[in-house]
Amino acid sequence: QVQLVESGGGLVQAGGSLRLSCAASGRTFSEYHMGWFRQAPGKEREFVAAITKINSNTYYTDSVKGRFTISRDNAKNTVSLQMNSLKPEDTAVYYCGGSWWRLFDYDYWGQGTQVTVSS
């Protein structure tokens, strides 16, 4: 089992920045692919970014490329999402996820953290 806890959400004006963090406990964090999804009101949960367990290769959905950066610190068991140039359409609940064998779908999820971008 892996337990994930997100933090760092909040209210920010368009063009601003936020940094989300996800703290993991339980199994060996470095053995897991990690990533972020988000879910806006009335919409399905969508992929945002992922980082591999080996080499820390990163992947992003097109709408956040160049604005968001995912990173991991295996010594601290954390994965982060730096979000810059935020837009109102980035407003959503952001979820951290992890999987031992899948990169874009996860076995373990956090409870989510709300990000609201005002125009």
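**The disulfide**

Guide: Let's start with the cysteines: Cys 22 and Cys 96 form a disulfide, with their sulfur atoms 2.1 Å apart. Bear in mind that this is a predicted model.

Visitor: What makes Cys 22 and Cys 96 a disulfide?

Guide: The cut-off is a pair of cysteine sulfur atoms within 2.5 Å. The sulfur atoms of Cys 22 and Cys 96 are 2.1 Å apart, so the pair qualifies. The structure holds one disulfide.

Visitor: Why is the disulfide of Cys 22 and Cys 96 called left-handed?

Guide: Look at the torsion about the S-S bond: for Cys 22 and Cys 96 it is about -75°, so the disulfide is left-handed. The pair ties together distant parts of the chain, 74 residues apart. Cys 22 belongs to strand E3 (residues 18-26) and Cys 96 to strand E9 (residues 92-99).

Visitor: Are Cys 22 and Cys 96 buried or exposed, and how do you know?

Guide: Buried means under 20% relative accessible area. Cys 22 comes in at 1%, so it counts as buried. Cys 96 has 0%, so it is buried as well.

Visitor: Why do Glu 46 and Arg 38 count as a salt bridge?

Guide: The test asks for a side-chain nitrogen of Lys or Arg within 4 Å of a carboxyl oxygen of Asp or Glu. For Glu 46 and Arg 38 the closest N and O atoms are 2.6 Å apart, so the pair passes. Glu 46 is partly exposed at 35% relative accessible area, whereas Arg 38 is buried at 5%. Both residues also belong to a network of salt bridges linking Arg 38, Glu 46, Arg 67 and Asp 90.

Visitor: And what makes salt bridges of Asp 105 and Arg 102, and of Asp 107 and Arg 102?

Guide: Asp 105 and Arg 102 meet at 3.7 Å, N to O, which is within 4 Å, so they count. Asp 107 and Arg 102 meet at 2.7 Å, so that pair counts too. Searching the whole structure gives six salt bridges.

Visitor: Why are Asp 105, Arg 102 and Asp 107 called partly exposed?

Guide: Partly exposed lies between the buried limit of 20% and the exposed limit of 50%. Asp 105 has 37%, so it falls in that range. Arg 102 has 26%, so it does too. Asp 107, at 36%, is therefore partly exposed as well.

Visitor: Why point out the phi of Ser 56 and of Asn 77?

Guide: Most residues other than glycine have a negative phi. Ser 56 has a positive phi of about 50° although it is not a glycine. Ser 56 sits in the loop between E5 and strand E6 (58-60), and its 34% relative accessibility makes it partly exposed. Asn 77 is another non-glycine residue with a positive phi, near 55°. Asn 77 is found in the loop between strand E7 (68-73) and strand E8 (78-83), and at 26% relative accessibility it counts as partly exposed.

Visitor: What makes E1 and E7 edge strands?

Guide: The open sheet of four strands runs in the order E1-E3-E8-E7, with antiparallel pairing. Strand E1 (2-7) and E7 each pair on one side only, and that makes them the edges. Neighbouring strands of this sheet are turned by 15° against each other on average, direction ignored.

Visitor: How do you know that E1 and E3 pair?

Guide: At least two bridges are needed. E1 and E3 have six, in the antiparallel sense, so they pair. Val 2 stands opposite Gly 26 in E3.

Notes: Residues numbered from 1 in each chain as written. Predicted model: local features only at pLDDT ≥ 70, side-chain atom pairs only at ≥ 80, totals over all residues. Heavy atoms only, no water. Helix = DSSP H or I, 4+ residues; strand = E, 2+ residues; numbered from the N terminus. Buried < 20%, exposed > 50% of the residue type's maximum accessible area, 1.4 Å probe, protein only. Axes fitted to C-alpha atoms, helices over the stretch in contact; angles between N-to-C directions.
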